Amino acid sequence: HLTTYFGMSPLQLKIVKSIYFVGVIFGSQIIGFMLKIRGRAFLIKCFFLFQIMNGILQIFVKNYYLLLYFWFAHGIFNGFCLNLLNSFASEIVPIESRGRWMIIYSSGTSFGKLIMAIMSYLSFNETVIDDWMYQIFFFTCIAISFYPFLFLFLRESLRFLYVSKRYDQFTEEINKIIHFSNAFKRPGNLIKSVTKDDVKELEQSNIEANKNNANSSGGYKYLLSKTFMATNIKIWIIWFTMFINVIGQANLTGKWFSGGSGGGLGSIITSVAGEIPSMVLVYNLIDRKTVGRKTLLNVFSFFTGVIFLIAFFVAEGNDDLMKYIFFMTRFGIKGVFGVMVSFTAELYPTIIRSNALGICASLGGFASCILPFILDEIFAIKRTLPFPFFAACCFATFISSMMFPFDTTGKSLDSNFENKTVKEETKGPSSNSPTESSQKTLTSEKPITSIKTCDGLTVSSVPRKYSFKR
């Protein structure tokens, strides 16, 4: 309908698909710089409002070039989300259930895509070329209805406030949590508020701990240093290849079952529905130390690669079977994505986590940007040829995941990269090197000071270590 409504040529349609991901790349990068100035919660509120305004204005677009602008802006917002929300979600949940909380967050996108596909199936009308506007209007109204709840319930990440040394705001926010929780406690069980004197002791230990830590300032220079380079390359391969798969599979599903509102959209719904059981399975396994993140990445990526290879040999003339093939590939891809985001967030310390997620999202956006041009050419040669291409991407993810010598399940956010990654990526550091200093930073276990809130969150300062536990 967009093609008909705006009179697009095939090339212009490809540009529309790509410009969105150019916005994703742009948004993923600039958010890293903005997070140094403002906190997570404030930016989420701002960008959510930005997206609502963008959705309202899209309804009135009558020009192709204005459409490009708004799709680019929409991509910027989703670039923010890939970076900001993933970082925020990983910092505010307990260690022992962090993976499950991240899956709950990720499952929201799955249900959103399923609802969108069902709505398209029910409302699609080939004779009404502007019905796409009504769907944008509907989802914008949903966003508007949820926006007030951000101001009622969304609080800044305590981890971010502490690591960024915003101790006054840290005290204010932690006391809000205490005040809220005390409302549900009996008078004899009330928790005392935290004072600034309590935080001063944490502040002093923070100053002492960072005297010899040359890397405490974070930033892209630290992220791209030798300390993280081996980890970066492996995780970048995973993000790049899996974005090719998730965007490519979605585009290929539309091409494969194109042909009207009946079988086409019905088959797309069947494919998208594959994400739901995947989320249920990952939710029940991701925080089990006997399984963990790495094992799930290995299993889902290898499984998906095998299904794509099978599809190459059985696809022609078997459209009914292909519905279930697409269902299973969607199942596997969503499983990888559900684990991949948590795994990536846990690989990096707080001071560079948003930068790391930003680069990963940008690589994914770049892969998605060039994919429409590549996929159409491959599909034109032979309609089954994309399947081995996607399989190769899955196996690249599998190999990269296998090369990680450790898992992050059940580990503190700021200990994974020091206790595991540094040992993997550096050899024979001198006694005064930053690497050895950093390893010592996160191996000390004797606490100096701790503040325990009424909801079970303990913020503790130890010699050259800061941990947030429930």
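The model is predicted. The protein holds 19 helices and 3 strands. Of its 470 residues, 52% are buried. Consider next the contacts between residues at least 6 apart in sequence. Of these, 78% join residues at least 24 apart.

Two helix pairs come next. Two packed helices are described by the angle between their axes and the distance between the axes.

Start with helix α14, residues 292-314, and helix α15, residues 319-347. Their axes come within 9 Å and cross at roughly 155°. That angle is over 145°, so α14 counts as roughly antiparallel to α15. The crossing of α14 with α15 is left-handed. Their contact is made of 18 nonpolar, 6 polar and 2 charged residues.

Stay with α15 for a moment. This helix has 29 residues. From its first C-alpha to its last, α15 reaches 41 Å. That is close to the 42 Å expected at 1.5 Å a residue. Helix α15 is also mostly covered, with 22 of its 29 residues buried.

The second pair is helix α11, residues 226-256, and helix α16, residues 350-381. Here the axes lie 7 Å apart, and the helices pack at an angle of about 40°. The contact of α11 with α16 divides into 21 nonpolar, 4 polar and 2 charged residues.

Now turn to single residues. Find K14 in helix α2, which covers residues 10-34. Is K14 buried or exposed? Its relative accessibility is 18%. The cut-off for buried is under 20%, so K14 counts as buried. Which residues does K14 touch, leaving aside those up to four places away in sequence? They are P372, F373, D376 and E377.

M403 sits in a loop. That loop runs between α17, residues 386-402, and α18, residues 416-425. The relative accessible area of M403 is 51%. Exposed means over 50%, so M403 is exposed. Now look from M403 to K234. The two are 169 residues apart along the chain. Yet 7.8 Å separates their C-alpha atoms.

Methods
Residues numbered from 1 in each chain as written. Predicted model: local features only at pLDDT ≥ 70, side-chain atom pairs only at ≥ 80, totals over all residues. Heavy atoms only, no water. Axes fitted to C-alpha atoms, helices over the stretch in contact; angles between N-to-C directions. Helix = DSSP H or I, 4+ residues; strand = E, 2+ residues; numbered from the N terminus. Parallel < 35°, antiparallel > 145°, perpendicular 65-115°, else oblique. Left-handed = near helix turned anticlockwise from the far one by under 90°. Nonpolar A, V, L, I, M, F, W, Y, C, P; charged D, E, K, R; others polar. Expected span 1.5 Å × (residues − 1). Buried < 20%, exposed > 50% of the residue type's maximum accessible area, 1.4 Å probe, protein only. Contact = heavy atoms within 4.5 Å.
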